[in-house]
Amino acid sequence: MPSSDIKTQILSHSPDVAPATAQDVAETLEARYEVLDALGDGGMGMVYRVRDRETNEVLALKLLRPEIARDPAMMERFKNEIRLAHRITHKNVCRIYDFNRVGDLAYFTMEFVDGESLRNYLKRAGKLTPERTVDLARQIATGLIEAHAQGVVHRDLKPENVMLGRDGLVKLLDFGIARALGSDTTTARTIMGTPEYMAPEQWESAAVGPPADLYALGCTLFCLLSGHPPFAGRGDTWVALMDAHRGQPAPELRPACPEAPTALGELVRRLLRKAPADRPDSARELAEALL
């Protein structure tokens, strides 16, 4: 991708950033990275596939939106979460590498996964078979085991944050980002996307630990098996979905997926229980139940 294209995308991505700054960012990226192509635009910012000129490795580079990069407190939390994420070394977790700033913009590099998000895969498939779902769930749970052992909670587990490699390997993305950005801010709500996967305790601003990730995984499994999250149709506002997650019983899986084994439906139901203590004790217990 020519440098001029990078500048055009940066200007489009950050319209309130001066053209000179956009040019500085483009030149800085070009000095260290060969930008191969753009991978997408999300709540946090643009993602590029790049080649590191120093190591010759192909990486993913996420350029944060300027309103995020300009907030000193948010940036400090963000850097702290990246430090925590560095602890996680596991085949089912996407590694985060460097964090850098250029003027009003900031970016970080991470492992590039040659594949697609679980969200895109699901859009094509409609819904997945129980066998395929169990395989993906086992890999996700295995990644969570290592993350939780390192004291890191994802807080924003959903199909958009799960990558499926062409080799069949699952990779979890963006550990700790929700906490780093502060769940009570408009920016964080935008970044977290739809709230169909948030545990009841997250809505209540209570202490959020590993059980919140298990609840989100339960919502994800329900979505994979049925084609929609468990509380789809209960309302399209934050308040309606908050009430559903906090107070309404989760629907049974089998009416939406009659081919699901009874044991799998019961496991999903356990993951979706309101009280954290009523869910499986750990990601390890969940992984063992999926064997």
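Guide: Start with the terms for elements: helices (H or I, at least four residues) and strands (E, at least two) are DSSP runs, numbered from the N terminus. Arginine 155 is in the loop between α6 (130-149) and β7 (162-165). This is a predicted model, where local features need pLDDT of at least 70, side-chain atom pairs count only at pLDDT 80 or more, and totals for chains, interfaces and linings use all residues. Residues are numbered from 1 along each chain as its sequence is written, and side-chain values use heavy atoms, with hydrogens and water left out.

Visitor: How many helices and strands are there in the protein chain?

Guide: The protein chain has 13 helices and eight strands.

Visitor: Why is arginine 155 called buried?

Guide: Buried means under 20% relative accessible area, exposed means over 50%, and partly exposed is in between (1.4 Å probe, protein chains only). Arginine 155 has 14% relative accessibility, so arginine 155 counts as buried. Of the 291 residues of the protein chain, 51% count as buried.

Visitor: What makes the phi of arginine 155 worth a remark?

Guide: Most residues other than glycine have a negative phi. The phi of arginine 155 is near 75°, a positive value in a residue other than glycine. Asparagine 56 also has a positive phi, near 70°.

Visitor: Where is asparagine 56, and why is asparagine 56 called buried or exposed?

Guide: Asparagine 56 sits in the loop between β2 (45-52) and β3 (58-64). Its relative accessibility is 52%, so asparagine 56 counts as exposed.

Visitor: How do you know that arginine 51 forms a salt bridge with glutamate 34?

Guide: A salt bridge is a side-chain nitrogen of Lys or Arg within 4 Å of a carboxyl oxygen of Asp or Glu. In this pair the closest N and O atoms are 2.7 Å apart. Arginine 51 lies in strand β2 and glutamate 34 in strand β1 (residues 33-41), so the pair ties together parts that are 17 residues apart in sequence. Arginine 51 has a relative accessible area of 22%, so it is partly exposed. Glutamate 34, at 29%, counts as partly exposed.

Visitor: What makes glutamate 111 and lysine 171 a salt bridge?

Guide: Their closest N and O atoms are 2.9 Å apart. Glutamate 111 lies in strand β5 (residues 105-111) and lysine 171 in strand β8 (residues 170-172), so this pair ties together parts that are 60 residues apart in sequence. Both glutamate 111 and lysine 171 are buried.

Visitor: Why is arginine 124 called exposed, and glutamate 116 partly exposed?

Guide: Arginine 124 has a relative accessible area of 57%, so the label is exposed. Glutamate 116 is at 23%, so the label is partly exposed. Their side chains meet in a salt bridge at 2.6 Å, N to O.

Visitor: How many salt bridges are there by this rule?

Guide: The count comes to 18. Glu266, Arg269 and Arg273 are linked in a network of salt bridges.

Visitor: How many disulfides does a search of the whole structure find?

Guide: A disulfide is a pair of cysteine sulfur atoms within 2.5 Å. The search finds zero. Cysteine 94 is buried, with a relative accessible area of 8%. Cysteine 257, at 0%, also counts as buried.

Visitor: What do the buried residues of α11 pack against?

Guide: In helix α11 (residues 238-247), Ala240, Leu241, Met242, Ala244 and His245 are buried. The buried residues of α11 pack against α9 (200-203) and α10 (210-226). Contact here means heavy atoms within 4.5 Å.

Visitor: What makes a nonpolar core?

Guide: A nonpolar core is a set of buried Ala, Val, Leu, Ile, Met, Phe, Trp, Tyr and Cys residues joined through side-chain atoms within 4.5 Å. The largest one has 50 residues, and those with the most contacts inside it include Ile140, Leu144 and Leu157. Among the elements that give two or more residues to this core are α6, β7, β8 and α10. The largest share, eleven residues, comes from α10.

Visitor: Which residues is leucine 157 in contact with, leaving aside its neighbours within four places in sequence?

Guide: Among them are Ile140, Leu144, Val162, Leu172, Tyr197 and Asp213. A second, separate core of 20 residues includes Val47, Ala60, Phe99 and Phe108.
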